[in-house]
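The definitions are given where each term is first used.

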Amino acid sequence: MIGTFGIHIRKSALAFFAVASLAVAGKAEAAVEIQEVVSPGGVKAWLVEDYTVPLVSMKFAFKGGSSQDPEGKSGLAKLMTGLFDEGAGDLDRAAFQDALDVSGAEMGFSAGIDEITGSMTWLAEREDEAVHLLTLAVNDPRFDAEPVQRMKSQFLTSLIADERDPNTLAGRKWRKAIYGDHPYARDSDGTKETMGGLTAEDLRSFHDSQFAQDNLFVAVVGAISAEDLGKRLDTIFGDLPEKAKLREVLEVQAKLGERVHYEYPLPQTSLSLLYPGIEREDPRFFAAYLANHILGGGTFSSRLYEEVREKRGLAYGVGSNLSNYDHASNWGIGTATRSDRAAETLDLIRDEVSKIVEGGVSEDELEAAKNYVTGAYAIANFDSSSAIASTVLGLQLAGLPRDYIETREATIDAVTLDEVNEEAKRLLSAEPSVLIVGPAFEQTSAGPAGDGALNGDDGGQPLPSDLQPSADNDNAAVGDAKSGPTERAPEAETGPVDDQEAKPASIDNNDDRQDASEAPPEMEAGGN
């Protein structure tokens with residue numbers, strides 16, 4: 001199946017510095033001093049200067065993403081991001097990739113549902129070569145016939161395989177049920193029909209409409225001064241149009257109380273529940289964030305983990321998460337279990353939700369959650385220059401201030417028990433939509449969508465990757481992947497993910513971005 005497309009970042013001499021760059025983590029949050037740089041031409045970026053190793057890591061994003069795919073041309077954003085190192089400017093595919101290898105740089109692009117992201121990491125001593133290649137890729141991708149056809153063929157092979165994959169098919173029904181005709185309901189990978197019909201002219205038109213200065217966000221970490229960065233920003237981005245030509249995407253609330261049961265004789269049943277979420281800019285966000293951690297966000301400490309896995313062995317992984325997109329916010333729960341225990345598992349999850357709604361969480365649970373989410377933040381988000389760049393870019397995409405890292409802990413500490421319990425009750429009192437993938441079963445107690453189970457003797461596995469949205473995170477990770485349909489992208493490439501194992505069905509079947517409407521997720525634990 002396609003899901004999140006594979007990462008094909010061209011490896012180079014930068015690997016030599018991979019371990020050395022971890023020294024950045026030792027500086028922790030206090031040393032992450034973010035400067036705002038404005039180039040002579042007016043291009044803005046956030047910069048963290050660090051000369052620990054002679055590397056520069058740049059992450060950038062153009063708002064838009066696969067939700068901008070024109071009607072009847074789904075898959076366009078994904079296809080485009082797979083072609084930026086397949087020739088640009090006066091360099092054809094072979095010449096461009098040879099030059100990239102010689103430069104010692106790593107370059108990648110990916111398409112999420114709300115933005116297109118790119119990255120370049122280079123050796124400080126080879127900066128001119130790396131910047132030249134990135135400038136060509138950003139401004140003048142060739143979209144030559146042979147690479148376009150080859151990449152389309154790879155996508156089509158995966159799309160054909162998807163037609164036999166129950167989780168992919170279930171995900172389509174799920175998104176249609178909860179989002180109707182909204183762009184979030186589309187297949188961002190495209191279909192056989194739409195992918196087959198895409199042309200080089202479609203790609204050029206889409207690139208011209210999406211790559212502009214007013215929807216651009218840039219983060220840079222490493223051995224470069226503010227003055228030098230300003231010059232580089234104008235070189236790379238200064239010739240782009242001032243304004244992007246983006247289609248309007250309306251706000252949407254997932255439809256609640258829906259049941260989607262995709263009956264299929266699988267060895268285990270996947271269960272996903274979707275509740276209302278909370279916008280990242282809402283002042284109550286951290287109250288909901290902490291409630292989620294206690295319910296299912298903490299991998300080995302959550303209520304769901306304790307009841308579903310530890311006490312009863314019903315599933316290998318179970319978890320909950322808050323997910324934020326530019327135009328929708330959700331709170332989801334997900335797991336997978338044996339078919340003969342599916343009804344019991346669904347009832348148990350509903351019972352745990354009811355307990356937190358009716359009885360709230362305790363002071364001890366809240367204190368433990370605060371300690372974890374504040375203590376784990378630096379470990380998950382500052383272990384390399386690339387991770388810091390992802391974090392800093394995520395802050396910008398989320399509209400958070402430059403001092404967010406400094407103030408985050410105090411903001412979390414200030415959340416009260418009453419606030420956490422109020423948010424849990426407000427959001428989890430709604431009747432959820434439920435997705436079930438597996439054979440039919442009889443529900444043993446009241447609750448929505450009581451059909452669906454799976455057989456198996458391994459205790460269950462987390463949901464398949466293409467059905468998992470981003471983790472419970474308080475700021476969004478941004479990818480440095482090249483989109484390409486050969487393997488699924490590991491979360492390490494798109495930013496660290498918060499502490500969950502199983503996650504409910506995603507609105508986007510392959511969202512590389514992982515919720516760039518928030519800042520980087522906290523920690524990986526059985527990720528997408």
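1. Leu83 is buried, with a relative accessible area of 2%; buried means under 20% relative accessible area, exposed over 50%, and partly exposed in between (1.4 Å probe, protein chains only). Leu83 sits in the loop between helix 1 (76-81) and helix 2 (93-103); helices (H or I, at least four residues) and strands (E, at least two) are DSSP runs, numbered from the N terminus. Beyond its neighbours within four places in sequence, Leu83 is in contact with Phe143, Pro147, Val148, Met151 and Leu203, contact being heavy atoms within 4.5 Å. Pro141 is 58 residues from Leu83 in sequence, and their C-alpha atoms are 7.7 Å apart.

2. On the basis of the values: this is a predicted model, in which local features need pLDDT of at least 70 and side-chain atom pairs count only at pLDDT 80 or more, while totals for chains, interfaces and linings use all residues. Residues are numbered from 1 along each chain as its sequence is written, and side-chain values use heavy atoms, leaving out hydrogens and water.

3. Glu86 is buried at 4% relative accessibility, whereas Arg150 is partly exposed at 22%.

4. Arg150 forms a salt bridge with Glu146 as well, with the closest N and O atoms 3.0 Å apart. Both residues belong to helix 4 and are 4 residues apart, about one turn of the helix. Glu146 is partly exposed, with a relative accessible area of 48%.

5. A further salt bridge joins Glu310 and Arg309 (3.9 Å, N to O). Glu310 is partly exposed at 46% relative accessibility, and Arg309 is partly exposed at 25%.

6. Gln210 lies in helix 7 (residues 200-210) and is buried, with a relative accessible area of 0%. Not counting residues up to four places away in sequence, Gln210 touches several residues, among them Phe62, Lys63, Asn215 and Leu246.

7. For the chain as a whole, there are 15 helices and 11 strands. Of its 528 residues, 63% count as buried. Among contacts between residues at least 6 apart in sequence, 85% join residues at least 24 apart.

Terms used:
Salt bridge = Lys/Arg side-chain N within 4 Å of Asp/Glu carboxyl O.
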